[in-house]
Amino acid sequence: SLSINHGRPQRATSVLPATRTPTARARHGDVCIHYSPSFQRHVAQCNSEVLKSFEFLDQAQEAYPDAVTVPLQNCYSIAIAGGGFEESTAYATENDLNIPIHDSQVEILIAAMPLEKSIAEMIKDTVLNSRWTGFTPERIRCNFQHFRSMLESKLQLGSAVMTVVNYFPQVLLYDCRQVEDRLNFLLAPLPPLLDHDDLDWPLLAFQGYGAGWSVNQVKKALQTVPHVVLSMYLEDTFSMRPSLFYLITALQVPYQSVDRVRLELEDVGSDEYTFAYLHGTLGLSWKQLHVMIQAFPCLSVGNTEPTWEMLETNVRTVLREDALHYLQRRLQVGPSIVEAMIKTHPRLSTYSVEGKIRQTLDALQAKLGFSSREIRQVILRMPSLIGMSVTDTPEKGLSQRLVFFRNTVGMSQQELRMAVLKQPSLLQYSVENSLRPKLDFFVDEVHIPLTDMPRVISRYPVLMGLSLNETLRPRGTALMERCGLSPKEIGNILSRAPNILSLSLKRNLEPTLDYLCDRLGLSKRQLKKLIISTPRVLLHSVKTSLEPKLLMLEAAMETKDPTEARNVVIRNPALLVLHISALQRRLQKKELQPQSRRLTRRKRPVLEMDPEKNVLIRRYASASEASKMLRTSLPNLYSILGTGRVWKGKKLIYAEKLQKGELIEPRTRQVRPDNKIPKARPMPTKRLMFEDLNALNASNESSPDTNMSLCIIVYVSGRTYPPDSSAEVRGIRRTGGMALKFPHFHPDKPEELAHRIRLAAKKSFGQIMPLNDDGQGTCYSGGRILVGFPYLRPSRNRCELYACHEALKIVGNLLKQESSLENETVHVQIYTDSDYAWNLLWNTSRLHAWGSVAENDFIYDGPGSSWFANPDLLHLLSRTYYRLVEQIDSDDVTQLMLAKQVNVTFHHAAGCLPRKLQEYAKQAAMWMNQRAKTAIKL
């Protein structure tokens, strides 16, 4: 809370409701948890000091388990977000919350207050409906006096106070402290940092920060759009919004300004013209409006009239207002999220709050032990769960599935909770037609012990969603026949790595088994032994994991005989399941011995050295003996030997290091200015080091390969927004973005290069994200281009594939600008970190064949099914590749002379792309999302 003193914000006592009942008043010094309806958050407070606020009540109670929850006397009749599965009971515990109000009292109230008759009748209806409990006419009259004196003293409104009350009579039913807190927040200066979306606004308000309005702006808003300044509940914002006719005619808000609101502000709901008025007429900045939307969620309300997209899904012609508001408050989401839920599950528009929505959410949260944040995650992913039957009848609905998982499978509540978080549809599968037959398959056919099934389902619930006859049984049978496994052995394998059954036979399992047999020369018996000992090897890709690891092993062993590396892998197949960076560190640290096995580290001799003179003091026959003599644990000794640090004045090394003259130096870790040690970054699997090349004027000496006369390198990345994440709500319109980076373009290069790439980009792309004031967007001088995904059905895979196509297009247009390359060979290298894109594009001969035919004659014959390869984009890319290497114009007739020869190769970056490139792609996707919102609403 802030108080205004001579125009400067000062700290006050609280941002919270002041009303506390005697039975709930906390002791001095104790932590109390209040609900702030203005910020719609649960605030922990101690001795009038705000400690922290939380979205949900159970979060606050978990952080402060001994805190006292202070009840409200003016709470809603519906639940407040986050108090377990029955939120309102955490606050509404007093007997005086429902005080009956008689007609005679209301008539006295109306006669005593100089209000318009229609407004007085509205107050009468509101009070009689018991929407606000605990308010007597005397208290309402007292609120009016306090409100009038507050506005006259703070804002010098004078007689205009009555105009505000007539426009927004609900303010008479508010706590005066809450209204004062709202005004103080509006007049307080903006906080210094606004980069984070999840700021603690009650805490910032206590520290003296707010929305940065001027006194004149608050006065003007109170007289024209008072609901923005005063409303603390979604119902009040919805009912007291000014009409569109009033905003356009009386306030003269141009419709063009609404487009800018849709681009600059997220989730403003149906009150866009009001925010356009605040920005255009009152002069509030976008940053100030963004603070208002973030701090006060009640200002963003949805519309009861469904959009055209929603009408296509057969929703109600008029949506339920109470259901929209309840979902927003219970799940703590914006109106666009609720709209997406209805588009995904149209029947949600027909559910009532008391008859369906509340009962289902309470039952799910109570019976599965979900926190409020977790129930939000589950419902956003699967809104149709709200339509489940939650009666106590064990033969149907939620109870039937709980009985199956708890009694038949033997899962605990925690295991079932984790499974549903990963796969919410688990609660919608039929028990008799889907779940029970699959359980019988796992237990009876592949012999996974029933005691292991709770762990299997908890870790990999997706298995219960796969088809039994088309997926699970064929894959299990094929694996048994190919490796010669018995039912007991396949059960042992699947109990350790059950997600093997989620892999495709043609795209994953069969290529991996063929590779292990051919590359390692394994017989069927040896293959069986390897799979039994290390089943997780089947989860690794041949191209991006197994083959690079074998090549690293062969290079580290420095032997021309490939059977040596094969023997090492056969003896220790766990090497194949290590991460590439971990294997690389291990190989750099230790030399492999091809002829004989190395001693285990427990048995390796250890030397104790003088750290200053580097003189041998004592020799220990083994690490185990050194541990006993030095009186330290083996893990600590291994740490000392591995890091080379001095321990108690002693320097300990392995004897073989001294024999080889490889005394290790102690490794130091960089310490940040905040004295926190950063986590060690994994080493890259491939080092992509390139010379600083001029894309159009490179010599043989500057090229990474002496055989290349010109090398053009492009990094590409594609992303979607919202991302393909389990935490995102279904039904949200998804857009795609792509980022391209030329690493040899730097800001210190001549402007000619930036001009050339700008021309090439404009000829290649239609939707280029411009550079904004924050440095986000396309930067031609830095070789960075951000573009939007122009096709339907954007996904991560489609964006990554199309980013490679865009790289081909811009390189082609870049080469067309240069006329002096007739005698040069151009090598184009495109790097992507997408396994999907690289698996489709690494075989350039196949790309050439696909690109040589017309679209109608194109037949996909690559790995996997045709739909998985996205043939609409793949043929477009292949066609562009064919034209570039064959140097043919887009009309497929004109022969170009770009260079003597153009070679294009696609490479897997193996996680070594610049990290910012992925962020840039996400920025482009978000930019496209804003453009799409504007186009839809227009």
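Visitor: Which residues does threonine 237 touch, not counting residues up to four places away in sequence?

Guide: In this predicted model, threonine 237 touches His227, Ser231, Cys298, Leu299 and Val301. Threonine 237 is part of helix 11, residues 234-239.

Visitor: Why is threonine 237 called buried?

Guide: Its relative accessible area is 0%. Buried means under 20%, so threonine 237 is buried.

Visitor: Why is glutamine 40 counted as buried, and where is glutamine 40 placed?

Guide: Glutamine 40 has 5% relative accessibility; the cut-off is under 20%, so glutamine 40 counts as buried. Its place is the loop between strand 3 (31-36) and strand 4 (41-46). Glutamine 40 has a positive phi, about 55°, although it is not a glycine. Most residues other than glycine have a negative phi.

Visitor: What makes histidine 447 partly exposed?

Guide: The value for histidine 447 is 39% relative accessibility. Buried means under 20% and exposed over 50%, with partly exposed in between, so histidine 447 counts as partly exposed. Histidine 447 sits in the loop between helix 23 (431-445) and helix 24 (453-459). Its phi is positive too, at about 60°.

Visitor: Why is helix 27 called roughly parallel to helix 29?

Guide: Helix 27 (residues 505-520) and helix 29 (residues 542-557) pack at an angle of about 20°, with their axes 11 Å apart. Angles under 35 degrees count as roughly parallel, so helix 27 is roughly parallel to helix 29. Their crossing is right-handed.

Visitor: What makes the contact of helix 27 with helix 29, by class?

Guide: There are eight nonpolar, one polar and three charged residues. Among them are Pro511, Tyr515 and Arg519 of helix 27, and Leu546, Glu547 and Leu551 of helix 29.

Visitor: Why is one side of strand 12 and of strand 14 left without a neighbour in the sheet?

Guide: The open sheet has five strands in the order 12-11-10-13-14, with mixed pairing. Strand 12 (784-788) and strand 14 (901-908) stand at the edges and each has a single partner strand, so one side of each has no neighbour in the sheet. The twist averages 20° from one strand to the next.

Visitor: How many bridges join strand 10 to strand 11?

Guide: Seven bridges join strand 10 (residues 710-721) to strand 11 (residues 735-741), and the two strands run antiparallel. Threonine 720 stands opposite glycine 736 in strand 11.

Visitor: What joins tyrosine 721 and proline 722?

Guide: A cis peptide bond, with omega about -10°. Proline 722 lies in the loop between strand 10 and strand 11. Most peptide bonds are trans.

Conventions. Residues numbered from 1 in each chain as written. Predicted model: local features only at pLDDT ≥ 70, side-chain atom pairs only at ≥ 80, totals over all residues. Heavy atoms only, no water. Helix = DSSP H or I, 4+ residues; strand = E, 2+ residues; numbered from the N terminus. Buried < 20%, exposed > 50% of the residue type's maximum accessible area, 1.4 Å probe, protein only. Contact = heavy atoms within 4.5 Å. Pairing = 2+ DSSP bridges. Axes fitted to C-alpha atoms, helices over the stretch in contact; angles between N-to-C directions. Parallel < 35°, antiparallel > 145°, perpendicular 65-115°, else oblique. Left-handed = near helix turned anticlockwise from the far one by under 90°. Nonpolar A, V, L, I, M, F, W, Y, C, P; charged D, E, K, R; others polar.
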